[in-house]
Amino acid sequence: MLRRRRSAGAMANANNSNIAAVPAVPAGAPSRPTTASSRPPTAPSTMPINARSASNVAAGATSPFHRLRLVPHLESRRSLHFDPITRDMRTGDPVLRIGRFTDRSGNSQNGGVNNNNPNSFKLAFKSKVVSRAHAELWVESSSAPSSTAPGSAVKFFIKDTKSSSGTFLNHVRLSPANTESRPYQIKDGDILQLGVDYQGGSEDIYKSVRIRVEIGREWQSGANKFNTTAIKNLKSLAQAVSQTGPPGASKAKAVGLPDCCICLFPIAVNQALFISPCSHSFHYKCIRPMIEIHHPSWSCPMCRSYADLEADVEVEADMDFD
């Protein structure tokens, strides 16, 4: 018995010596992944759930606003008509959530859609091909602006949020169905499409939403060198009617009016003209089919700017463009 106890003690000492002799793991070697039970407890995170609403909002509270305008793309009659959407956004604002209009959307007004409510961060469209949570849109600051043009210091982004019918940017789908896409930058003049037309119905509720993006075009809404010059030329053309001599294209050329871009003939006196809100001029006979197809919506064939032909025209009577 005494021999057995001594031999057992010797075996125990040998085992302890073997354990102590195990070499340490080199510093550069990959370590074995620890299990959840062996990880040290982490302190509760102080970062809020929505990181954008904490750090970005604080940083963007004093940042300037940047205007984003979403207007109907009038290339096809199949697209859903909606009122132009104008939003002044700045870095750090909550994302604009785009989806299908419901009574719970939070931006309804008298049973209709009010997407121009500055207190709402939701854009809703009355179309069944648009998912309830279709896409998200936001603005971020650009560390290295590429130009001095308005809006170059920021970038606008959009991403699909697992919509079933898809989000398209310039006719390219962002992600497969029910899959969230990565963020894509949108620029002035880009075409966005929400959903795909449902072939089984011709009502507006089955149409996709086609949107033209306008960024940095605030200068077009006020007086600028182009539209003031156009007004002066039209006034000179009106005065040419009372002058002596046969009316003709030479007088139009003298006041600097451009040719009609559709028929390529000069704009002259004694002609029916159409003046676009962007101050581009056309022969009414030439432009009439484009006016009637989407009236009262209008998209200029020269600059692609969108306008409502039924908009209010009340201005100050003594407004001078000289």
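This is a predicted model: local features need pLDDT of at least 70, side-chain atom pairs count only at pLDDT 80 or more; totals for chains, interfaces and linings use all residues.
**Sheet.** I started with the open sheet: five strands in the order S6-S3-S7-S8-S11, with mixed pairing. Strands here are DSSP runs of E, at least two residues, numbered from the N terminus, and helices are runs of H or I, at least four residues. Two strands pair if DSSP finds at least two bridges between them. The edges are S6 (122-125) and S11 (184-186), each pairing on one side only. On average, neighbouring strands of this sheet are turned by 30° against each other, direction ignored, with axes fitted as lines to C-alpha atoms.

**Ground rules.** Residues are numbered from 1 along each chain as its sequence is written, and side-chain values use heavy atoms, with hydrogens and water left out.

**S3 and S7.** I then looked at S3 (residues 96-100) and S7 (residues 135-141), which run antiparallel and are joined by three bridges. Ile98 sits opposite Ala135 of S7.

**Gln193.** I found this residue in strand S12 (residues 191-194). Gln193 has a relative accessible area of 14%, so it counts as buried (under 20%, with a 1.4 Å probe and protein chains only). A polar atom of its side chain lies 2.9 Å from the backbone oxygen of Gly195. Beyond neighbours within four places in sequence, I listed Gly166, Thr167, Phe168, Ser208, Val209 and Arg210 as contacts of Gln193 (heavy atoms within 4.5 Å).

**Whole protein.** I noted five helices and 17 strands. Of the 322 residues, 35% are buried.

Methods: Buried means under 20% relative accessible area, exposed over 50%, partly exposed in between (1.4 Å probe, protein chains only). Axes are lines fitted to C-alpha atoms, for helices over the stretch in contact, and angles run from 0 to 180 degrees between N-to-C directions. A polar contact is a pair of N or O atoms within 3.5 Å; within protein, one must be able to donate a hydrogen and the other to accept it, and residues adjacent in sequence count only if both atoms are side-chain atoms.
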